[in-house]
Amino acid sequence: MIELDAKDRKILNLLQRNNMTPHREIADRVGLSTPAVTRRIGRLRKSGTVRADVSVIDAESVGRPLTIVTQVVADSDQLKSLDQLRRTFGQCPQIQQCFYVTGDADFVLIFSVANISEYNELTRKLFFSTEHVKRFTTFVAMETLKSDLMVVIPEK
């Protein structure tokens, strides 16, 4: 983790809103020169603070309108089983997010799929064909009220 000053925090907040914002515009908004902003952004990327520069795609417009949230309970608390599930879930392209959690479930998965048939096939592959899953619970999103990955970064 690197030390972030107020200017770094402002830059990060601007990049989260639109990472295509020209560096000169960011420089004007944070009170730095364009080369200074470019250096800072490079440092933030190199350190891993900025993990990726991506485009957020509207899932419905590309034929992936169904969001499904699934809680998974592992068959065992043994590390071997949990590690296998981590690998399996991490390799599934339809899983947008995967969380190892506390509580009644071991994992919470967020799927983006074309239809319920695709999800059904995934349940066979990911849950039924392995001895590592004890049970799973499926929640179908009826409406997306908020969907973003913004991190709140206080500018102090």
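Two strands count as paired here if DSSP finds at least two bridges between them. The model shown is predicted.

**View 1. The hairpin of β2 and β3.** Strands β2 and β3 form a hairpin, with six residues between the two strands. Gly103 sits in the turn, and its phi is positive, at about 105°. Residues 95–100 make up β2 and residues 107–113 make up β3. The two strands pair in the antiparallel sense, over five bridges. Gln97 has Ile110 of β3 as its bridge partner. Phe99 stands opposite Val108. Tyr100 stands opposite Phe107.

**View 2. The four-stranded sheet.** The sheet is open, and its four strands run in the order β2-β3-β1-β4 with antiparallel pairing. The edges are taken by β2 and by β4 (133–140). Each of these edge strands has a single partner, so one of its sides has no neighbour in the sheet. From one strand to the next, the twist averages 20°. Helix α4, residues 79–90, packs on the sheet. Its contacts reach β1 (66–74), β2, β3 and β4. The direction of α4 makes about 20° with that of β3. Strands of a sheet pair through backbone hydrogen bonds, in either the parallel or the antiparallel sense. Between β1 and β3 the pairing is antiparallel and spans seven bridges. Ile68 stands opposite Phe111 of β3 in the sheet.

**View 3. Strand β3, covered on both faces.** In a regular strand, side chains alternate between the two faces of the sheet. On one side of β3 lie Phe107, Leu109, Phe111 and Val113, all buried. Buried means under 20% relative accessible area.

View 4. Helix α5 covers residues 116–128 and lies across β1, β2, β3 and β4. The helix runs at about 145° to β3. Asn115 caps the N-terminal end of α5. A side-chain oxygen of Asn115 lies 3.1 Å from the backbone nitrogen of Ser117. The buried residues of the helix are Glu118, Tyr119, Leu122, Thr123, Leu126 and Phe127. These buried residues pack against α4 as well as β1, β2, β3 and β4.

**View 5. His132 in its loop.** His132 belongs to the loop between α5 and β4. Is His132 buried or exposed? Its relative accessibility is 12%, so His132 counts as buried. The side chain of His132 makes a polar contact of 3.4 Å with the side chain of Glu131. Beyond four places in sequence, His132 touches Val73, Ala74, Asp75, Ser81, Gln84 and Leu85.

**View 6. Helices α2 and α3.** Two packed helices are described by the angle between their axes and by the distance between those axes. Here α2 spans residues 23–30 and α3 spans residues 34–47. Their axes lie 8 Å apart, at an angle of about 100°. The two helices are therefore roughly perpendicular to each other. From α2, the contact is made by His23, Arg24, Ile26, Ala27 and Val30. From α3, Thr34, Val37, Thr38 and Ile41 take part. By class, this contact of α2 with α3 has five nonpolar residues, three polar and one charged.

View 7. Arg40 is part of helix α3. Is Arg40 buried or exposed? Arg40 counts as buried because its relative accessibility is 17%. Leaving out residues up to four places away in sequence, Arg40 touches Asp5, Lys7, Asp8, Ile11 and Leu32. Asp5 is found in the segment before α1 (6–17). With 33% relative accessibility, Asp5 counts as partly exposed. A polar atom of the Asp5 side chain lies 2.8 Å from the backbone nitrogen of Asp8. The C-alpha atoms of Asp5 and Lys156 are separated by 8.7 Å, with the two residues 151 residues apart along the chain.

Definitions and conventions: Residues are numbered from 1 along each chain as its sequence is written. This is a predicted model: local features need pLDDT of at least 70, side-chain atom pairs count only at pLDDT 80 or more; totals for chains, interfaces and linings use all residues. Side-chain values use heavy atoms; hydrogens and water are left out. Axes are lines fitted to C-alpha atoms, for helices over the stretch in contact, and angles run from 0 to 180 degrees between N-to-C directions. Angles under 35 degrees count as roughly parallel, over 145 as roughly antiparallel, 65 to 115 as roughly perpendicular and the rest as oblique. Contact means heavy atoms within 4.5 Å. Ala, Val, Leu, Ile, Met, Phe, Trp, Tyr, Cys and Pro count as nonpolar, Asp, Glu, Lys and Arg as charged, and the others, Gly among them, as polar. Buried means under 20% relative accessible area, exposed over 50%, partly exposed in between (1.4 Å probe, protein chains only). A polar contact is a pair of N or O atoms within 3.5 Å; within protein, one must be able to donate a hydrogen and the other to accept it, and residues adjacent in sequence count only if both atoms are side-chain atoms.
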